[in-house]
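Here is a walk through this fold, taken one spot at a time. Keep the viewer open and follow along.

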Amino acid sequence: MNDQLLIFGWLAAIIFSLTIAIPYLMRRSDLLTVWNLFLLGSVNFVGYAAVQTAKGVYHYGLFTAQDYTRLILGTTVFYITIYLVYYRSRLPRRMAGKAFLKWPGYNGTALGVLLALCIGLLFVSVYFPNIQFIGQILIIVGPPAGVIALSLAFCRWWQQKQSLWLLALLGVLLILSIFAAIHGHTGRRSLLSVLLVIPVCLYWLHLRYRPLVNTLVPLGIGLVVGLIVLEAYTAIRHRNNARLVNVAGTDSVHDAIESLRLLPSAMLQLRGLTSFIGGDSMEAALVAIDRYTKVAPPEPFFVLKFVLANPIPRAFWPDKPQALGTTLPRDVGRWRTGYVNWGPGITGHGFHEGGTLLGGLGPYLMLIFYGVLYGLAFRFGDELLLRQSDNPFVLGIFAAASGQIIAFSRGDIALFTVLILGAVLAGLLIKWLGRLLVGYRLVYPSDADRLALEQQAMAIPGVNEEPSPYPVPGLQAPSPFATN
């Protein structure tokens, strides 16, 4: 047992948990945010995973005291950086105050057009054409398009709760989205995104203004139901693991349909909800630390290279970069039959890219770089949510990326970045095509416009006594994220 890592793991889990709980309980922050989902994953994949590694739950290699010290120091450097950037940076706030202000309408006929567009993207991703480049893009944007369709339908139903046909449509879209999420691979993150879309929409449309008990109870029930579905899928997802993943054809479609058929019976046969607790991410990070400081040369900025290279077909570039989670177990001799994908953790990626560069400072500089990059991205996402909390497109993009955000601290962060960008790309593609088909009808004022309206209202006697027609977090009351 490594006592140093054990203490670090418990401290990390406590700090991340308190970062989520205290601001929310004090009504200074929303609950379902990009930042909080990332921290929730960090509680498990960094904090408790470190505890498991310290106790010897996993045995991927023999590591020195220096390896453990590097793991703790690298993780600390990354999280200090991302905390500082998230809470102190002003740039994401300014960008969110003037970005993505115009969106297609989703009432009446426009809703049908947008849903048809989303479903079309979803099915094309399942039966994607064998066209280089286009096929790779469609695989990434298809499943998020199904989640965005669910968001659109739920937000419209929320405005017309008496509509039975909208309720029935929600059920159909839910089944189609689950089918797309489990088609062609055995991962659970896309399925998690589908299961989170309704809780996300419900929270931002309604529950965030309710008393704590009235918010936490329905979200808690949704969490339990979601975990049951995920655990049931976990029990059946590897039954055909020998087959290639992410391929189209009758086999993959048949597997997805079979999974849908087996899912209810698997839910009834559950014996616990333990497959989500902890993980081997910190152990895999130690493998990366050991390998890239002693054996293999580092690959600086590999994550950025992977993201930029991803759309390029492997037929055009046979040696295109592969995800670290796939190559690392093979390189260290732990390759298993079929598909394997480790979660090397954010710290593992830092040492993969920094190694022994700059006298050993390379890994920490890379972790600082990614702390800045992702801190800015997470803060921008949350600022956009605050300003457009009733926007079904933004909520759908957030939900579509939520599974990757929760698992982000586990890694592979290069792959997860691609999938998060896929959710964003799906939303922007639907936005652009929707503008051509139905036009922009959902328009939000910029921060400058809102501030001008607030100042104008304040200047008129008696007007400021009435509720503002443009409720703006941070203008009427302290922003949940107003720490700078």
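Let's start at Met282, which sits in helix H11 (residues 281–294). This is a predicted model, so everything here is about computed coordinates. Met282 is buried, with a relative accessible area of 4%. Look at what surrounds the side chain once you set aside neighbours within four places in sequence: Met282 contacts Phe8, Phe45, Val46, Ala49, Ala50, Thr53, Leu71 and Thr75. Take Phe45 from that list: Met282 and Phe45 are 237 residues apart in sequence, yet their C-alpha atoms are 7.5 Å apart in space.

Now hop to Phe378, in helix H15. Is Phe378 buried or exposed? Its relative accessible area is 5%, which means that Phe378 counts as buried. Not counting residues up to four places away in sequence, Phe378 touches Val34, Trp35, Phe38, Ile82, Tyr86 and Phe408.

Step back to the whole chain for a moment. You are looking at 18 helices and two strands. Of the 484 residues, 53% are buried. Among contacts with a separation of 6 or more, 80% are between residues 24 or more positions apart. As for the surface, the chain exposes about 21800 Å², and carbon and sulfur atoms supply 66% of that.

Two packed helices are described by the angle between their axes and the distance between the axes. From H8, the contact draws on Leu191, Leu192, Leu195, Pro199 and Tyr203, while H9 brings Thr215, Leu219, Gly226, Val229, Leu230 and Tyr233. Sorted by class, the residues where H8 meets H9 are nine nonpolar, two polar and no charged.

Next, find H16 (residues 392–406) and H17 (residues 413–437). Their packing angle is about 165°, and the axes are 9 Å apart. That angle makes H16 roughly antiparallel to H17, and the crossing is right-handed. On the H16 side you'll see Phe393, Ile397, Ala400, Ala401, Gln404 and Ile405 making the contact; on the H17 side, Phe416, Leu419, Ile420, Ala423, Val424, Gly427 and Ile430. The tally for H16 with H17 is 11 nonpolar, two polar and no charged residues. While you're here, check the link between these two helices: the loop between H16 and H17 holds Asp412, and a cis peptide bond joins Gly411 and Asp412, with omega of about 10°.

How do H14 and H15 cross? Their axes come within 7 Å, at roughly 125°. H14 is thus oblique to H15, and H14 passes H15 in a right-handed crossing. Ile346, Thr347, Gly350, Phe351, Glu353 and Gly354 of H14 meet Gly362, Pro363, Tyr364, Met366, Leu367 and Tyr370 of H15. That contact of H14 with H15 divides into seven nonpolar, four polar and one charged.

The loop between H14 and H15 deserves a look as well, as Leu358 lies there. Leu358 is not a glycine, but it has a positive phi of about 55°. At 62% relative accessibility, Leu358 counts as exposed. Arg27 is another non-glycine with a positive phi, about 60° in this case. You'll find Arg27 in the loop between helix H1 (3–25) and helix H2 (34–54). Its relative accessible area is 43%, so Arg27 is partly exposed.

One last stop: helix H12 (residues 302–309), where Phe302, Val303, Phe306, Val307 and Ala309 are buried. What do the buried residues of H12 pack against? Their partners are helix H13 (324–331), helix H14 (345–354), helix H15 (362–387) and H17.

Definitions and conventions: Residues numbered from 1 in each chain as written. Predicted model: local features only at pLDDT ≥ 70, side-chain atom pairs only at ≥ 80, totals over all residues. Heavy atoms only, no water. Contact = heavy atoms within 4.5 Å. Helix = DSSP H or I, 4+ residues; strand = E, 2+ residues; numbered from the N terminus. Nonpolar A, V, L, I, M, F, W, Y, C, P; charged D, E, K, R; others polar. Axes fitted to C-alpha atoms, helices over the stretch in contact; angles between N-to-C directions. Parallel < 35°, antiparallel > 145°, perpendicular 65-115°, else oblique. Left-handed = near helix turned anticlockwise from the far one by under 90°. Buried < 20%, exposed > 50% of the residue type's maximum accessible area, 1.4 Å probe, protein only. Areas by Shrake-Rupley, 256 points an atom, 1.4 Å probe, with all protein chains shown as cover.
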